[in-house]
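Let's take a look at the pockets in this one, and then at a position that a database record points to.

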Amino acid sequence: MTENNEVKRPTYTLAIAIEFLGTHYHGWQRQREVLGVQQALETAISTVANEPVEVIAAGRTDSSVHASNMIAHFVTHAYRPTHNWLRGVNSLLPDDIALRWVQPMPADFHARFAAIARRYRYITLNQTQRPAILNHQVTHIYEPLDLKAMQLAAADIVGTHDFSSYRAAACQSNQPVRHISHANLFTHGPFIVFDIQADGFLHHMVRNLMGTLYAIGRHELEPADFLNILAKKDRTIAPPTASGDGLYFINAYYPEHFQTLLPNAPLTPIWLNLPD
């Protein structure tokens, strides 16, 4: 019998899907002086596990950005039935964070490094009057936007590009090239939805793309300027960053042997009632 029996204890890898409103959080990542979503989750999960737990997410959202289906995972020595994890953790979380599901996974599953694609939706409420109930859950633009011009521009970025012009100065990524598999822009009632999927995203990338799309929708720029700015590889020539209020992380995708194990949850935000 070894002195350290802890080594022989089994470990369990659990995938989770998280829904949260980011309005009162300084992004996903745990930080020392301000509250991140990761810290709140780790506190709740560690309580149920009765041991320290680290939660690793598929992506890192910015301050005020939301998630409706953020995929993450944690590893623990604690065994609990999945419904006990779900109910126990949700009972300890603040009202603006909730687990949608919990799923046991193989030990080699990693929510961040195994992800092959990530998907966001940016929601704009395009109407004269400002919202009350959806305040901070959408970006409100009161003047009419030229949807066709914005759609032409959005279609141009599908494919592999250097997104230096659309990443924050503080971005820590080693390289700016990303592959966009789709960039769809459409209306849903008074909402304009920008649905974009890529192998990865740079810091502020979606918000910076949206800021330029707004400028095109207002006829401050032409649709062709979207790619012209991209080609310059210079963030300083692009329009301002759009608000984080309208941005939602909606899913991450994995190789088939992992993806088939994960529950199929409706893509959200649920209140928008969009098809997947």
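The second largest pocket comes in at about 170 Å³. Of its 15 lining residues, those closest to the centre are Glu 19, Phe 20, Leu 21, Ala 67 and Tyr 248. A pocket here is an open set of points on a 1 Å grid over the protein atoms alone, where a 1.4 Å probe fits, with protein on both sides within 12 Å along at least five of seven lines; lining residues have an atom within 4 Å of a point. Strands β1 (12–20), β3 (66–76) and β4 (97–105) each supply at least two lining residues.

Keep in mind that this is a predicted model: local features need pLDDT of at least 70 and side-chain atom pairs pLDDT 80 or more, while totals for chains, interfaces and linings use all residues. Residues are numbered from 1 along each chain, and side-chain values use heavy atoms, without hydrogens or water.

The largest pocket holds about 1100 Å³. Among its 38 lining residues, Gln 29, Gly 59, Arg 60, Arg 112 and Phe 201 are closest to the centre.

Now for the record: UniProt lists Tyr 120 under "binding site", in an unreviewed entry. Tyr 120 is in strand β5 (residues 117–126) and is buried (under 20% relative accessible area), at 8%. Leaving aside neighbours within four places in sequence, its contacts (heavy atoms within 4.5 Å) include Arg 60, Phe 201 and Tyr 248.

Notes: UniProt positions are given in the numbering used here, feature names are shortened, and annotations may be inferred rather than shown by experiment. Helices (H or I, at least four residues) and strands (E, at least two) are DSSP runs, numbered from the N terminus. Buried means under 20% relative accessible area, exposed over 50%, partly exposed in between (1.4 Å probe, protein chains only). Grid points are joined across faces, edges and corners, and a volume is the space filled by probe spheres set on the points.
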